[in-house]
Amino acid sequence: MRTDTSRRTDAFAAFVDTSEPRLRRALVATYGPVIGRDATVDALSWAWEHWDRVEPMHNAVGYLYRVGQTAARRHLAGRPLALPAGVADGEPDPMPELAQALARLSEQQRAVVVLVHGYAISQREVADLLDLSVSTVREHLARAMTKLRDELEDRDGD
């Protein structure tokens with residue numbers, strides 16, 4: 001006979017299996033690989049401790065993204081943002097200024113750009129993941145892409 005504890009554990013494990021990759025991608029896109037992964041672990045730990053509140057949520061991953069943001073800000077205190085270069089070891093980075101330009105975007109803009117263009121996630125899915133409206137995602141994406149184009153085109157002309 002299954003106990004309440006084993007049902008709770010199974011439900012949480014199933015949630016982690018389906019939700020952790022999406023949550024991790026969003027937090028890594030926003031805060032870089034090290035802090036993003038740490039924030040994912042912190043958010044999922046919080047979810048386990050508060051599973052009775054999290055389980056019935058309509059958009060639990062969006063909520064946990066916010067929990068992860070809080071954790072990431074604690075991890076970031078005084079540390080520079082480190083985004084992945086995106087190239088294999090030993091290969092030259094074809095556009096080293098891109099990571100620097102991404103780091104200068106707002107958290108929301110950076111997350112939207114990396115998720116939409118880096119991970120090829122639809123704007124609708126990004127909106128659900130970040131708990132935003134689709135129009136807000138479009139606006140963040142448009143503004144971020146304008147900033148990136150302006151900054152990167154200026155550097156090409158130097």
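The buried residues of H1 are Phe12, Phe15, Ser19, Leu23, Ala26, Leu27, Val28, Ala29, Thr30 and Tyr31. Helix H1 is kinked by about 45 degrees at Ser19, shortly before the proline Pro21, and just after the helix Gly32 adopts a positive phi of about 90 degrees.

Leu27, which has its place in helix H1, is counted as buried because its relative accessible area is 0%. When neighbours within four places in sequence are left aside, Leu27 is in contact with Gly32, Gly36, Ala39, Thr40, Tyr65, Gly68 and Gln69. With Thr40, which lies 13 residues away along the chain, the separation between C-alpha atoms is 6.8 Å.

The largest nonpolar core comprises 44 residues, and those with the most contacts inside it are Phe15, Leu23, Leu64, Val113, Leu115, Val126 and Leu130. At least two residues of this core are supplied by each of the helices H1, H2, H3, H4, H5, H6, H7 and H8, with H4 giving the most, namely eight residues. Leu130 touches Ala26, Tyr65, Arg66, Gln108, Ala111, Val112 and Leu115, residues up to four places away in sequence not being counted. In soluble globular proteins, nonpolar side chains tend to be buried together.

Five aromatic pairs are present in the structure. One of them, formed by Trp46 and Tyr63, is tilted, with 5.7 Å from centre to centre and 40 degrees between the planes. Because Trp46 belongs to helix H2 and Tyr63 to helix H4, this pair ties together parts that are 17 residues apart in sequence. Tyr63 itself counts as partly exposed, at 31% relative accessibility. Elsewhere, ring pairs link Phe12, Phe15, Trp48 and Trp51 into a cluster, and Arg8 lies over the face of Trp48, at 4.2 Å from the ring centre. The charged end of Arg25, in turn, sits over the ring of Tyr119, 6.0 Å from its centre.

As to confidence, the chain averages a pLDDT of 86, and 85% of the residues score at least 70. Where pLDDT is low, the predicted coordinates should not be read in detail.

Note on methods: Residues numbered from 1 in each chain as written. Predicted model: local features only at pLDDT ≥ 70, side-chain atom pairs only at ≥ 80, totals over all residues. Heavy atoms only, no water. Core = buried A, V, L, I, M, F, W, Y, C linked by side-chain atoms within 4.5 Å. Buried < 20%, exposed > 50% of the residue type's maximum accessible area, 1.4 Å probe, protein only. Helix = DSSP H or I, 4+ residues; strand = E, 2+ residues; numbered from the N terminus. Contact = heavy atoms within 4.5 Å. Bend = angle between axes of the 7 residues up to and from the residue. pLDDT = per-residue confidence, 0-100. Phe/Tyr/Trp six-rings, centres within 6.5 Å; stacked < 30°, edge-to-face > 60°. Lys NZ or Arg CZ within 6 Å of the ring centre and 35° of its normal.
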